[in-house]
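This report describes the fold of one protein chain, from its overall architecture down to individual side-chain pairs. The sequence and the structure are shown first.

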Amino acid sequence: MTVSVVIPTTGGWEHIWRLQLVLESLVLQNEQPLEVLVVDADGSTMEVQEVVRYFADQLPVRCIRLLESERAFRAGEARNTGVANLRFKPDRVLFLDGDCVAQDNLVRSHSGYHPSYIVAGARCHVEPRDMPDLSLKEV
């Protein structure tokens, strides 16, 4: 089973360091996704594209941008746009928020579920000060 990952996110340092950790966690998966599409939901900064470019040689990742809008962050619209812009037709689409660090078996575990299942997860909030063991690479 193939899995593509769609990640809606926004720019700004408070989001960029989290996106970097999310992409690092996808590099470390024990089964690589077919494709990773980061959707810059506010389309207002180049920072998101810079982070995606940094990981492009380690992961099949690319970035698309939604047009700037006066509306607030639109995660649902970003997810739908991401699915519509996938280059491949995966068996599964996995949605990760731009601040959800994946365990190393996330892609593999989702590739095994029955197509009619909806799989949900939980998360906890962390800040950089909470992660002394992880080092953020300079992008």
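## Elements and confidence

Helices (H or I, at least four residues) and strands (E, at least two) are taken as DSSP runs and numbered from the N terminus. On this basis the protein contains four helices and four strands. Read from the N terminus, these elements follow the order β-α-β-α-β-α-β-α.

The model is a predicted one. Its mean pLDDT is 81, and 75% of the residues reach 70 or more. Among the elements, strand β2 has the highest mean pLDDT, at 94, while helix α4 (residues 106-111) has the lowest, at 87. Where pLDDT is low, predicted coordinates should not be read in detail.

## The sheet

The four strands form an open sheet in the order β3-β2-β1-β4, and the pairing is parallel. Its edges are β3 (61-65) and β4 (92-95), each of which pairs on one side only. On average, neighbouring strands in this sheet are turned by 25° against each other, with direction ignored.

Strand β1 (residues 3-9) runs parallel to β4 and is joined to it by four bridges. Within this pairing, V6 has F95 of β4 as its bridge partner.

## Helices across the sheet

Two of the contacts between helices and the sheet are described here. Helix α2 lies across β1, β2 (35-40) and β3, and runs at about 165° to β3. Helix α3 (residues 75-84) lies across β1, β2, β3 and β4, and its direction is at about 145° to β1.

Q49 is placed in helix α2 and counts as buried, because its relative accessibility of 18% falls under the 20% limit. Leaving aside residues up to four places away in sequence, Q49 touches C63 and R65. Y54 also lies in helix α2, which spans residues 47-55; this residue is partly exposed, with a relative accessible area of 30%. The C-alpha atom of Y54 is separated by 9.3 Å from that of Q20, a residue 34 positions apart from Y54 along the chain.

A search of the whole structure finds four salt bridges. One of them is formed by R62 and E35, whose closest N and O atoms are 3.4 Å apart. Because R62 lies in strand β3 and E35 in strand β2, this pair ties together parts that are 27 residues apart in sequence. Both partners count as buried: R62 has a relative accessibility of 16%, and E35 has one of 3%.

Another salt bridge is formed by D40 and R65, with the closest N and O atoms 3.7 Å apart. The pair links distant parts of the chain, with D40 in strand β2 and R65 in strand β3, 25 residues apart. D40 counts as buried, with a relative accessibility of 0%. R65, by contrast, is partly exposed at a relative accessible area of 34%. R65 is also one of the residues touched by Q49.

Where do the two partners D97 and R79 lie? Their closest N and O atoms are 2.8 Å apart in a salt bridge. D97 is in the loop between β4 and α4, whereas R79 is in helix α3, so that this pair, 18 residues apart, links distant parts of the chain. D97 is partly exposed because its relative accessible area is 24%, and R79 also counts as partly exposed, at 23% relative accessibility.

## Burial, surface and contacts

Of the protein's 139 residues, 43% count as buried.

Contacts across the sequence can be summarised in one figure. Among those between residues at least 6 apart in sequence, 77% join residues at least 24 apart.

Notes
Residues numbered from 1 in each chain as written. Predicted model: local features only at pLDDT ≥ 70, side-chain atom pairs only at ≥ 80, totals over all residues. Heavy atoms only, no water. Buried < 20%, exposed > 50% of the residue type's maximum accessible area, 1.4 Å probe, protein only. Pairing = 2+ DSSP bridges. Axes fitted to C-alpha atoms, helices over the stretch in contact; angles between N-to-C directions. Contact = heavy atoms within 4.5 Å. pLDDT = per-residue confidence, 0-100. Salt bridge = Lys/Arg side-chain N within 4 Å of Asp/Glu carboxyl O.
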